[in-house]
Amino acid sequence: MELQAVLMAAGGGSRMPDLTYNTPKPMLPVGNKPLMWHPLNLLERVGFEEVIVITTKEVQKMMSTDPKMKDVKMKLDVVCIQEDGDMGTADALRHIQQKIKTDVLVVSCDLITDVALHEVVDLFRAHNATLAMLMSKAHDFTETVPGQKGKKKTGEQRDFVGVDQSGKRLLFMANEADLEDGLSIRKSIMRKHPRMHIKTGLVDAHLYCLKKAVVDFLADNKSISSIRGELLPYLVRKQFSKTTNCPKSKDDADDQTQKTADGSTNSTELLICSRDEPLLQLAQERSCWNDHRGDMSEAYHGGKLRCYVHIMDQGLCYRVNTLAAYIEANRLASKLLEEPAVHPSAVISERCQMGPDSIIGAQCQVADKTSIKRSTIGNSTTVKEKVKVTNSIIMHGVTIEEGCNIHGCVICSNAVIGRGADLKYCLVGNGQQIEAEGEAHSFHTSTFNMLSLFSPPTVTRGT
Amino acid sequence: TRDGLCNTDDIERSKTEGKELTKEEKQRLRKEKKQQKKNKEKNDEKTSHEGEKKKNKKKKEEQPAGSASQPPAQPSPKAVPAPAPPPPAAAAVPVPASEAPAPADKPAKSKADLKAERRARQEAERASKGKKGDVGQPAPTGKLKAPPSELQPVVKRLPEHVQVDNPEVVKKLAKKLERQQIPLRSDYGYKVSLFSHLHQYSRKAPLTQQLGIPSTVIHPAIVRLGLQYSQGIVAGSNARSVALLHAFQQVIRDYTTPPNEELSRDLVNKLKPYISFLNQCRPLSASMGNAIKYIKKEISNIPSQCKEEEAKIKLLNCIERYINEKIVLAAKAIAKYSIEKISDGDVILVYGCSSLVNHILCEAFEKKRKFRVIVVDSRPRLEGREALRRLVQKGISCTYVLISAVSYILPEVSKVFLGAHALLANGYVMSRVGTSQIALVAKAFNVPVLVCCETYKFCERVQTDSFVSNELDDPDDLIVTRKGKTQLEHWQKVPSLGLLNLVYDVTPPDFVDLVITDLGMIPCTSVPVVLRVKNVDQ
C-alpha cells in the first residue's frame with residue numbers, strides 16, 4: 001500500500017464560536033453537506049478506499065446519523081479522542097501510530113479544495129521526499145461577515161514561506177509570531193540555495209504527505225504536539241542541519257538501539273533521514289540529473305531529508321476555520337458539487353424566484369413569491385411567502401415566516417425568524433427566535449445573547 | 001552453461017512440467033518432429049498450434065491456471081507485441097502431446113470443432129499481415145530467428161512503438177493497456193512528419209494524473225520509478241537499469257503467491273503491466289530490456305518445489321549479482337582497459353554525460369595520468385554541465401564547448417571517448433543525439449574514437465538510420481526564455497511549425513575505432529560475435 005489517509009476531525013473551531021457552539025466544526029453544513037464530507041469526497045474521488053478519521057465521540061455520533069455521510073463509500077476507521085482540546089494534531093498521529101503501516105496523507109477536516117492531488121503526491125514520490133504539502137495563494141474574502149462592523153483588519157499572524165527557484169522545494173517556514181527581531185536565514189541554506197523566494201500571502205491547506213519514519217519519530221519525541229506549528233518547521237529546519245547531511249549511518253536496527261542509550265536526539269535524527277538504500281544511491285550517482293546548478297554538489301546537495309510544497313495558483317482551496325471562510329465556502333459550494341442545486345425532494349412553488357447560485361436542501365418547502373438568491377438553504381427548512389433571502393446561509397430545520405427580508409445572514413439550525421423580520425448581516429444562533437417585525441443589522445445572537453435580544457437597543461420593533 | 005542449470009536437466013524438467021523451452025531446444029525439437037512427421041502431422045500441427053496461437057493471444061495476461069502444458073508468453077523484447085510465433089508453439093504442442101497428463105490433450109480436443117473455422121480465419125489474417133510485413137521491414141525483430149516452415153510465410157512484426165501513425169496498432173495498444181488497467185498516455189503536440197510514427201509525450205501531463213492515489217494496480221515503487229523516468233530524475237541507461245532492478249527488488253519483496261498459482265509463472269505475469277506502465281512513462285532502453293529479459297528468465301527458472309521465501313531470496317540475490325557483475329564490475333574492467341589507452345598529455349573529448357566515461361576519467365585521474373578533458377554539450381538537455389561538474393570536482397582540468405564548436409576544437413583533441421546507450425547487432429552505436437556528428441567530425445580530423453559500453457547493453461536490434469526507431473522527447477524543452485522573451489511560446493498555433501526533440505542517434509561502425517567492453521577491446525564489427533557468444537552461454 002502506498003499511502004494511508006488520515007482525516008483530522010477533532011478540531012474545535014475555536015475561531016468561530018457562534019457557529020460551533022452547538023454543532024461541532026466537522027459537521028457544519030457547507031453546501032448542505034457536513035464540512036468533513038468535502039475532504040472525504042476529495043479522497044474518494046482520487047481513489048482512496050480507506051480513511052482513518054480522528055474525531056470526537058460527539059462527531060462520531062452525528063456522523064452515523066447523517067445521511068450525507070452514508071454517501072461516502074470508503075471505509076472510515078473512526079478513532080475517538082478526548083474532547084478536552086489538549087491533543088494536538090501530532091499527538092493524534094502519535095495516538096494512531098500502531099495503525100500506520102506506510103506513508104501517510106494527513107488532511108484537515110476543514111479543507112475544501114479541488115486540487116489535483118497527484119501534484120502533491122508526485123512531488124512526494126518522485127523526489128523520495130519526507131514531507132510534501134499543499135499551499136494556495138490566499139484569496140480575499142469579499143463577503144461581509146455578519147456581526148462585524150466595518151472591515152476587520154486582521155491581526156492574524158502571517159506565515160513566511162521560503163521556496164527555491166523552482167518553487168517546489170521548501171526551504172524556510174516560520175510564523176510571524178516566532179520571528180521577534182526579524183527573519184534570519186542560516187548561511188548553510190543560502191550557500192546551497194542562493195535564490196530563495198519568500199512568500200507571505202499563502203494559505204496552508206493542512207494537507208501533508210509524511211513518510212512513515214516521521215510518524216515513528218513522533219512516537220519517540222513526545223514533545224511535539226502540533227503538526228503545523230512544531231513538526232513542520234522542525235522538518236524544514238532539519239533539511240539543512242549538519243547531522244542529516246553526513247550519514248555515517250548505514251546502520252541496522254541493532255545500532256539504533258545503541259544510539260538510543262547514548263541520547264535520544266541521535267536516534268530520532270536517524271529515524272527521519274530517509275536512508276536511501278545502496279542501489280538507489282548507485283542509481284542516483286549514475287544518473288545525469290541534478291536539481292540545482294552552479295555549485296559543486298550532487299543532487300539535493302546530498303541531503304537525505306527533503307521537504308516539498310505544491311503551491312496552487314488557480315482553483316479553489318479554502319480552510320473553513322473562520323466565519324468569513326465559512327460564508328465564502330458556502331458561496332462556492334455549488335461550484336464544487338456535482339449534484340443538482342435543488343434537491344429533488346424539495347417542494348418549491350412555481351412563483352418562487354431562485355437564482356442559479358442557490359442550493360436548496362432536501363424536504364424544503366418554499367412558498368410563493370419568495371426570492372432566493374446566492375443562498376444556501378438547508379434541509380427541512382420552511383420558507384413562507386414573500387420572503388426575500390439573499391447572500392445568506394440558512395441551515396437545517398429553520399422556519400422563516402412571511403415577509404421576512406434576510407440579507408447576508410447566517411441562520412443556524414432550528415431557528416425561527418418571525419414574520420416581517422428584517423435582518424441584515426446577522427448571525428442567528430441555534431434554535432433562536434427572532435421576534436416578528438424585528439429589525440437587526442450586524443448582530444450576533446447566540447444563547448448568551450438571548451436575553452439581550454428581547455430588549456436590545458439596536459433591534460427595533462415594528463415601524 | 002547457465003547459472004547452475006544443465007541443458008539436459010532443463011529439457012527434461014521442461015518436458016515433465018511442460019514449461020517453456022529456450023529457442024535452441026525448441027529449434028532442435030522442431031527439427032526432429034519435422035523429420036519424423038511429414039504431411040499428415042503437418043496439418044495436425046498447423047491446426048493445433050493455430051489453436052495454441054489463438055489461445056496464447058487470448059490468454060496473454062491471464063494466468064494459465066493449472067494447465068501446465070500451456071507456456072505463457074515468452075520473454076520477448078519489450079518492443080514486440082507478442083502473439084506467440086508459430087515455431088515455439090509448435091514445439092510446445094508436440095511436447096505435451098507426448099505426455100500422459102490429460103489437460104494437455106483436452107485443449108486440443110475441445111477446440112477440434114472450431115478448427116476449420118479458425119484455420120480459415122488465420123489464413124486470411126496471415127495473408128494480409130504477410131503483405132504488410134513484407135512492405136516495410138526496417139526493424140525486424142531479433143526474436144524471429146527461427147526459420148519459417150514451408151506452410152506459413154514469415155510474419156515480421158514491427159514493434160508497436162514505431163507504428164504510432166497506424167490507428168490499428170494504436171487501438172491494439174489501447175486495448176492491451178485497458179486490459180492491464182494502465183492508463184494510456186496521449187501524444188502531445190504536432191509531430192514533424194518524418195517522425196510521426198513515434199510517440200511524443202509532454203512532461204506536464206504525467207501518467208499519474210490518470211492513476212488513482214494510492215496506486216493499487218501498480219506497485220508504488222514502480223509508480224515512483226515511472227515518475228522519475230518521465231521527469232528525467234533518473235536518466236542515463238545505467239541509472240535507469242539500476243533503478244529498475246531496485247524497483248523490481250521491492251516488488252519481489254512485497255509479492256505473495258496467490259493460492260493455486262506458481263511463483264515462477266505468476267510473478268512474470270505480474271511484472272507485465274508494470275513494464276507496460278514504465279514503457280508509457282518513458283520508452284524502455286535497450287539496457288532495461290536486457291535486464292527485464294534476464295529477470296524474467298530467472299523467475300521462470302525457479303523450480304516449482306522451491307518455497308516462496310527461498311525463491312524470493314534467490315531472486316533478490318540474482319538481481320544483486322546482475323547489477324554487481326554487469327554494471328559495477330564491468331565499469332571497473334572497462335576503466336582498467338581504458339586507462340591503458342590514456343597516455344600522459346592527452347586531450348580527451350567527451351560528449352554529454354555518460355556515467356561510464358566519467359567513471360573512466362575519474363579512475364584515470366586517480367591513477368595519476370596527466371590529461372585534460374574537453375566536454376562538448378548540446379541543447380536542450382545540456383547534460384554536459386553535469387559531466388563538467390563531476391570532472392572538475394575531482395580536479396580534472398576541463399574545457400566546455402557546445403557542439404556547434406566541435407570542429408573548431410577538434411584540432412586540439414587527441415582522443416574521443418564516447419558512451420553508448422546500446423550497441424546494435426550490425427555494429428552501429430546508439431547514443432545520445434549528436435554523438436554521430438562528433439564521430440563524423442573526429443573521423444574527418446583523424447582523431448581516434450573510442451566507445452565505452454558494457455556488454456549488457458548489446459542489443460539484437462539492427463538499425464542503420466536514426467529515423468525508424470528513436471525517442472521523441474517533450475518539444476516544450478526547446479523553448480527558452482531569454483531577457484524575458486519567449487519566442488516559441490505559442491509554437492502550436494503556427495500550423496507550419498514543428499518542434500523536434502530527438503533523443504538518440506546511431507553512429508556507423510566506420511567512424512568508431514574501438515569499442516571497450518568488459519570483455520576486452522573489440523572492433524565495432526565484433527558485436528554480433530559477442531551477442532552470439534552471450535546467447536550460447538545462456
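The questions and answers below concern a predicted model.

Biologist: Which residues of chain A does the UniProt annotation "domain: EIF2B subunit epsilon/gamma LbH" cover?

Modeller: The annotation comes from an unreviewed UniProt entry. In the model, the chain over this stretch is 0% helix and 39% strand, and its end C-alpha atoms are 29 Å apart.

Biologist: Is Q363(A) buried or exposed?

Modeller: Q363(A) is found in the loop between β17 (359–360) and β18 (365–366) of chain A. Its phi is near 55 degrees, a positive value in a residue other than glycine. The cut-off for exposed is over 50% relative accessible area. Because the relative accessibility of Q363(A) is 53%, this residue counts as exposed.

Biologist: Chain B also has a residue with positive phi that is not a glycine, Q181(B). What is its relative accessible area?

Modeller: Q181(B) lies in the loop between α8 and α9 of chain B, and its phi is about 60 degrees. The residue is classed as exposed, its relative accessible area being 54%.

Biologist: How many of the 10 residues of helix α2 (residues 37–46) of chain A are buried?

Modeller: The buried residues of α2(A) include W37(A), H38(A), P39(A) and L40(A). N41(A), L42(A), L43(A) and V46(A) are buried as well. After the helix comes G47(A), with a positive phi near 130 degrees. Helix α2 is thus mostly covered, and the number of its residues that are buried is 8.

Biologist: Which residues form the positive surface patch?

Modeller: One of its members, R191(A), is placed in helix α7 (residues 187–192) of chain A. R191(A) has a relative accessible area of 60% and is therefore exposed. The patch is formed by R186(A), K187(A), R191(A), R237(A) and K242(A).

Biologist: How many residues apart in sequence are the parts tied together by D110(A) and K25(A)?

Modeller: The side chains of D110(A) and K25(A) meet in a salt bridge, 2.6 Å from N to O. D110(A) lies in the loop between β6 (103–108) and β7 (111–113) and K25(A) in the loop between α1 (17–20) and β2 (29–30) of chain A, so the pair ties together parts that are 85 residues apart.

Biologist: What is the distance between the closest N and O atoms of D204(A) and R228(A)?

Modeller: D204(A) forms a salt bridge with R228(A). The pair links distant parts of the chain, 24 residues apart, with D204(A) in strand β12 (residues 202–210) and R228(A) in helix α9 (residues 227–238) of chain A. D204(A) is buried, and so is R228(A). The closest N and O atoms are apart by 2.2 Å.

Biologist: By about how much of the helix are R390(B) and E386(B) separated?

Modeller: These residues form a salt bridge, with the closest N and O atoms 3.0 Å apart. R390(B) counts as buried at 15% relative accessibility, and E386(B) is buried at 8%. Because they are 4 residues apart in helix α15 of chain B, the separation is about one helical turn.

Biologist: How far apart in space are S469(B) and Y504(B), C-alpha to C-alpha?

Modeller: S469(B) lies in the loop between β7 (449–452) and β8 (504–507) of chain B. S469(B) is buried, with a relative accessible area of 7%. In sequence, S469(B) and Y504(B) are 35 residues apart. In space, the C-alpha to C-alpha distance is 9.0 Å.

Definitions and conventions
Residues are numbered from 1 along each chain as its sequence is written. Chains are lettered from A and ligands numbered from 1 in the order in which they are written. This is a predicted model: local features need pLDDT of at least 70, side-chain atom pairs count only at pLDDT 80 or more; totals for chains, interfaces and linings use all residues. Side-chain values use heavy atoms; hydrogens and water are left out. UniProt positions are given in the numbering used here, feature names are shortened, and annotations may be inferred rather than shown by experiment. Helices (H or I, at least four residues) and strands (E, at least two) are DSSP runs, numbered from the N terminus. Patches are made of residues with over 30% relative accessible area and no salt bridge: like charges are joined within 9 Å, nonpolar side chains (Val, Leu, Ile, Met, Phe, Trp, Tyr) within 5 Å. Accessible areas come from the Shrake-Rupley method with a 1.4 Å probe; for residues, only the protein chains shown count as cover. A salt bridge is a side-chain nitrogen of Lys or Arg within 4 Å of a carboxyl oxygen of Asp or Glu. Lys and Arg count as positive and Asp and Glu as negative; His and the chain ends are not counted. The place of a charge is taken as NZ of Lys, CZ of Arg, CG of Asp or CD of Glu. Buried means under 20% relative accessible area, exposed over 50%, partly exposed in between (1.4 Å probe, protein chains only).
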